[in-house]
Structures are given as structure tokens and as C-alpha cells.
Amino acid sequence: MGELVAADLAELRAFTARLRCVEAGGDAGLGIEWLDAIEALKSVGCAVLAVISDGVATSIRADRGARGLPRVEWDRGIASQIALARRESPNRGGRHLGFAQALVHEMPHTLAMLRTGRLNEWRATLLVRETACLSAADRGIVDRRLCSDPATLDGVGDRGLIARAKALAVELDAAAVVARHRKAVSERRVTTRPAPDSMAYLSVLMPVEQAVCLQATLGRDADSLIATGNSGGRTRNQLMVDLLFERGTGASVASGVPVAVNLVLSDETLLAGGHEAAQLQGFGPVPAGIARRLVADAVDRDTETSLRRVYSCPQSGALTAMESQARTFPKSLRKLIDLRDRTCRTPWCDAPIRHHDHIRSRRRSGETSVHNGSGLCEACNFAKEGDGWSARPVHNPGGTHLIDVGTPTGHHYRSAAPPLPAPARRSAHEAVRANTRIVRFVRCS
């Protein structure tokens with residue numbers, strides 16, 4: 001690949017603009033040819049992204065080394081810069097960089113197949129993933145055996161590709177595969193993420209034998225309930241979910257489980273049948289009707305229920321500022337930042353907030369205030385402390401809280417806090433006191 005020059009970049013942007021004008025025609029045969037060509041273009045683009053990402057990392061490391069920075073600082077924030085340029089989260093940026101380095105330095109045949117459009121990004125990712133436990137030399141052997149001849153993987157599905165890569169890995173270094181499995185077992189965990197229609201996915205990462213046993217047991221017991229007529233009209237899938245909940249909590253319904261729930265909703269939604277969605281902390285938007293039902297159910301069960309007012313700007317939905325002279329953020333101010341930011345404030349990163357950080361640092365006379373505070377995940381907070389990073393709060397009259405993030409390469413990205421649910425319309429005098437409310441209720445068994 002030739003050296004990157006501005007003229008090539010301009011040509012690429014012009015070609016991208018021409019592609020935006022492409023529309024489907026009536027010739028199906030030509031359409032298939034277009035699909036094939038665009039798919040090859042995607043693969044080539046992936047290869048170029050890998051080469052450029054590795055080049056960016058190499059250049060930044062060399063510059064920091066030449067300036068005498070400690071070696072521990074050479075890699076700081078590089079993955080985050082790549083993530084911002086690709087409009088991805090920092091976590092994904094780290095994966096992209098690791099993928100790029102593996103291809104460029106250890107898997108040249110895989111990279112070559114990407115460049116010719118014979119392998120797509122996902123299948124290349126599978127090869128990188130399945131060989132991650134091997135030494136560079138052994139990884140190179142797998143790369144050569146599977147990708148030196150494009151015909152080797154022609155017509156092979158993803159599962160077949162994974163199986164071949166795993167078999168070669170075991171053949172070359174069985175001990176490394178066993179060690180990788182042992183490490184994977186130590187990282188077992190339970191996570192949740194939002195799903196459509198106010199549902200959620202509960203994911204469990206566990207050893208395969210445990211997962212198969214758990215699913216088989218739930219299925220067997222669900223089938224037994226159906227066979228004996230004790231299903232209550234529930235389907236097999238519904239029964240399996242209910243059985244999992246009962247056995248995980250010891251209760252047959254959610255109301256029997258001690259749990260704290262935080263809802264942010266407007267007064268109109270809560271009291272006047274408004275339709276604006278509420279925000280469930282750690283989950284996201286919840287339809288107004290469901291939010292009112294959650295509150296009503298808590299009250300009807302005579303559970304501990306508290307109501308806290310949070311004042312917001314009636315025009316923008318931004319939270320009212322709170323000031324503090326403390327060096328660290330006090331609990332109430334951290335709570336306000338959590339409610340305002342919801343997730344990490346780095347653009348495209350929606351990881352949970354772990355650190356409450358001064359946007360303009362204390363050593364640069366940054367105050368401890370809600371305007372100069374932001375919620376960040378651990379990785380983003382450490383990245384922004386790296387050489388060449390900057391951040392500043394931006395005055396945004398009539399809008400929500402705004403941050404300008406600068407990277408060592410001179411690029412800038414802006415992050416706007418999401419607005420709170422809108423308060424009910426009032427007179428001009430009452431609008432000054434408009435507020436949203438947090439409903440926090442604890443269900444006790």
C-alpha cells in the first residue's frame with residue numbers, strides 16, 4: 001500500500017459521495033454483481049483500516065518514545081483515538097487495534113485475503129480470535145495453512161472455519177488452549193442489557209457443560225409442568241424463564257424480592273397521564289404507562305417508597321447546576337452527575353459510569369461543580385489522562401451540558417448530555433420551579 005497522502009483522501013471522499021447516489025435498478029443480475037463488488041470493497045476497506053490503525057499506533061508510540069516519555073505512557077489512549085475516529089466505543093477501539101496488530105504483524109495471509117476481497121471482516125475476526133492463545137510463530141502457521149491458498153476456505157461456513165482453526169491450535173500448542181480455557185472460566189459472569197418492548201436480556205457466561213446442563217434442566221422441568229397440566233397456560237419458553245427466576249431468587253414473583261428501583265420521570269407522566277417515557281437507571285427509556293404501573297404496584301404493596309425532586313430547565317431539560325468547594329465530588333453531586341449523564345460521556349461509549357471526573361482538571365484550576373464534572377467509565381478516564389488529551393466544558397445556553405474532547409492528533413469531538421423528561425407546562429412563574437422527579441422504591445419480601 002502506498003504512503004497516505006491528502007490527494008488520496010480527497011479521492012476516497014469523492015468516491016464515497018458518488019456511492020451515496022447509487023439506487024437499485026430493475027436488472028437483478030446487475031444487482032447481484034453490485035452486491036459482490038460492494039462486499040469485496042468492504043473487505044478491502046477492513047484491510048486498509050487494519051493497516052492504518054497499526055500505522056497510527058506505531059507512529060504515536062515512536063513519537064512518545066522520541067520525546068522521552070516513560071514506556072508505560074506509550075500506549076495510553078491510542079485505542080480511544082481509533083474508537084473516536086471510527087465512531088465506536090473505546091472497548092471496540094481496543095478490539096480493532098488488537099485485530100489490526102495481529103493481522104499486520106502475525107497473520108499476513110489473512111490480511112492478503114482481506115485485501116483481495118476473498119475473506120470478510122467477521123471471518124478474519126474469527127481467525128484472530130481462535131488463534132489469540134498461540135505464540136506469534138504458531139499463529140503464523142495457522143495463518144499459512146488456512147489462508148495462503150484462497151481455495152482452502154471457499155464454501156466453508158463460520159462453524160467450519162472455527163473448527164479448523166481450533167483443531168490446528170490444539171495440534172500446535174494444546175497447553176496454550178487449556179490455559180486459555182482456564183482463564184475463560186475465571187471470567188464467568190452475569191450481565192444484563194436492554195431489549196425491545198421494555199424487556200431485558202440476562203446473559204450468563206459460563207463453562208459450556210454448565211450452560212448445557214442448566215438449559216436441559218429448565219427444559220425438562222418445563223415439559224413436566226406442561227405434561228401434568230400445571231403450566232397455567234404458559235408456553236415452554238415462558239415456563240423456563242419463570243423457573244430460572246424462581247430458582248435464582250427463591251421467589252415466584254418479582255414483588256417478593258428486595259430490590260431498589262430508580263425511575264426518572266416528569267411530574268406530568270407521573271400525575272397527569274403524560275406520555276413521555278421515563279428513564280430507568282441502568283436500563284434506559286421505559287414507556288409512561290409501564291412506569292406508572294411500577295410506581296402504583298409499589299404503593300399498592302405498601303413497600304417503602306420515596307419521592308425526590310430534581311430541578312431542570314423547562315426549555316432544555318438540563319439539570320440545575322450545583323456547586324461545591326470540595327476537592328472530590330460529594331455524594332449528592334455524584335448522584336446529580338449520574339442522573340444527568342446516565343452513561344460514560346465519551347462519544348460513542350455507553351459503558352456504565354465508574355468515575356466522576358473533573359473535565360478541566362484541578363491542577364488547571366478546574367472547580368468541583370456539576371458543570372465541570374462528568375461521568376466516565378474507568379477506561380475513558382484513564383485514557384484522557386494520557387499525553388496530548390484535553391477536555392473542556394462548553395457554554396451551551398438553552399441546551400444540555402456539553403463537553404469538547406480533544407485528542408493528541410488535534411481532532412475534536414463533542415458530547416451532549418441527554419435531556420431529562422420534560423416537566424408539565426405551567427405559567428411563566430411556575431415554569432421557573434419546574435422539576436422532574438426520581439421515584440425510588442424498595443420492594444421488601
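User: How many bridges join strand β1 (residues 189-195) to strand β2 (residues 199-205)?

Analyst: The model is predicted: local features need pLDDT of at least 70, side-chain atom pairs count only at pLDDT 80 or more, and totals for chains, interfaces and linings use all residues. Residues are numbered from 1 along each chain as its sequence is written, and side-chain values use heavy atoms, with hydrogens and water left out. Strands pair if DSSP finds at least two bridges between them. β1 and β2 run antiparallel, and the number of bridges joining them is seven.

User: Which residue in the turn of the β1 and β2 hairpin has a positive phi?

Analyst: Within the pairing, R193 has Y201 in β2 as its bridge partner. Three residues lie between the two strands of the hairpin. The turn residue with a positive phi, about 65°, is D197.

User: How many helices and strands does the secondary structure of the protein come to?

Analyst: Both kinds are DSSP runs numbered from the N terminus: helices are H or I with at least four residues, strands E with at least two. By that count, the protein has 16 helices and 12 strands.

User: What share of the 445 residues counts as buried?

Analyst: Buried means under 20% relative accessible area, exposed over 50%, and partly exposed in between, with a 1.4 Å probe and protein chains only. Of the 445 residues, the buried share is 35%.

User: Are α3 and α4 parallel or perpendicular to each other?

Analyst: Helix α3 (residues 78-85) and helix α4 (residues 90-106) have axes 7 Å apart, at an angle of about 105°. Axes are lines fitted to C-alpha atoms over the stretch in contact, and angles run from 0 to 180 degrees between N-to-C directions. Under 35 degrees counts as roughly parallel, over 145 as roughly antiparallel, 65 to 115 as roughly perpendicular, and the rest as oblique. The two helices are therefore roughly perpendicular.

User: How many charged residues does the contact of α3 with α4 have?

Analyst: Contact means heavy atoms within 4.5 Å. I78, A79, S80, I82 and A83 of α3 meet P90, G93, G94 and L97 of α4. Ala, Val, Leu, Ile, Met, Phe, Trp, Tyr, Cys and Pro count as nonpolar, Asp, Glu, Lys and Arg as charged, and the others, Gly among them, as polar. The contact has six nonpolar and three polar residues, and the number of charged ones is none.

User: At roughly what angle do the axes of helix α2 (residues 28-66) and helix α5 (residues 108-115) cross?

Analyst: The contact is made by S43, V44, C46, A47 and V51 of α2 with L111, L114 and R115 of α5. The two helices are oblique to each other. Their axes come within 7 Å and cross at roughly 135°.

User: How far apart in space are L69 and D387, C-alpha to C-alpha?

Analyst: L69 lies in the loop between α2 and α3 and counts as partly exposed, at 24% relative accessibility. Neighbours within four places in sequence aside, L69 is in contact with R64, W74 and D387. L69 and D387 are 318 residues apart in sequence, while their C-alpha distance is 9.0 Å.
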